[in-house]
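Subject: Structure for you, with notes

Hello,

My notes follow below it.

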Amino acid sequence: MIVGLAPGMRGANRTGRPFIGDHSGDLLYATLGAHGLASGSFEADTDDSLRLEKTAITNAVRCVPPENKPIGTEINTCRAFLSATISQMESLRAIITLGKISHDSTVRALGGKVSAHPFGHNAHTSIGGFELFSSYHCSRYNINTGRLTPNMFNAVFADASRFLSRTQP
């Protein structure tokens, strides 16, 4: 499972598909495809041939936050939805969080303390029976500033893929 921040105004909020309509989706879906977690072609259109394979995408926050910056009460209120989504996935073993807000909210949704499971790019921790992998968010801002490179992003998914291959049910 991948946990993003929130639906984008012109992407998921409009189409129902996360990470559509901006650079984040280009990088995310290419990376998913490279690791066998998506098949088909991503064309930023819900009618394309892209299909997720043994993975799901959700968000820490359920609605588009003002100025794309959710506040604490919004994050806390939406955590019940994140918890419910996680609990419905019976074969879930690994979660990749995109950004500190999604990381912290996921840790809390799993009953953990953020201080015991701090955010760090390409860090991972075990919590609540899951392996949690963290990445900077794949936003155009993070890519343009060099905070995140495609290789850095790929490394997180490579680690998660290795973990999943070692723990096949």
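**The second largest pocket**

The lining of the second largest pocket has 13 nonpolar, 7 polar and 3 charged residues. Here Ala, Val, Leu, Ile, Met, Phe, Trp, Tyr, Cys and Pro count as nonpolar, Asp, Glu, Lys and Arg as charged, and the others, Gly among them, as polar.

Please note that this is a predicted model: local features need pLDDT of at least 70, side-chain atom pairs count only at pLDDT 80 or more, and totals for chains, interfaces and linings use all residues. Numbering runs from 1 along each chain as its sequence is written, and side-chain values use heavy atoms, with hydrogens and water left out.

The volume of this second largest pocket is about 490 Å³. Leu37, Lys54, Thr55, Arg93 and Leu164 are the closest to its centre, out of 23 lining residues. A pocket is an open set of points on a 1 Å grid over the protein atoms alone, where a 1.4 Å probe fits, with protein on both sides within 12 Å along at least five of seven lines; lining residues have an atom within 4 Å of a point. Volume is the space filled by probe spheres set on the points, which are joined across faces, edges and corners.

β5 (94–98) and α6 (150–166) each supply at least two lining residues. α6 gives the most, with 5 residues. Helices (H or I, at least four residues) and strands (E, at least two) are DSSP runs, numbered from the N terminus.

**Salt bridges**

The whole structure has 2 salt bridges. The term means a side-chain nitrogen of Lys or Arg within 4 Å of a carboxyl oxygen of Asp or Glu.

Lys100 pairs with Asp104 at 2.7 Å, N to O. They sit 4 residues apart in helix α4 (residues 100–109), so about one helical turn separates them. Lys100 is partly exposed, at 44% relative accessibility. Asp104 is buried, at 10%. Buried means under 20% relative accessible area, exposed over 50%, and partly exposed in between (1.4 Å probe, protein chains only).

Arg162 pairs with Asp159 at 2.3 Å, N to O. Both lie in helix α6, 3 residues apart, about one turn. Arg162 is partly exposed, at 44% relative accessibility.

**Helix α3**

α3 has a kink of about 30 degrees, centred on Arg79. The bend at a residue is the angle between axes fitted to the seven residues ending there and the seven starting there. The buried residues of α3 include Cys78, Arg79 and Leu82.

Best wishes
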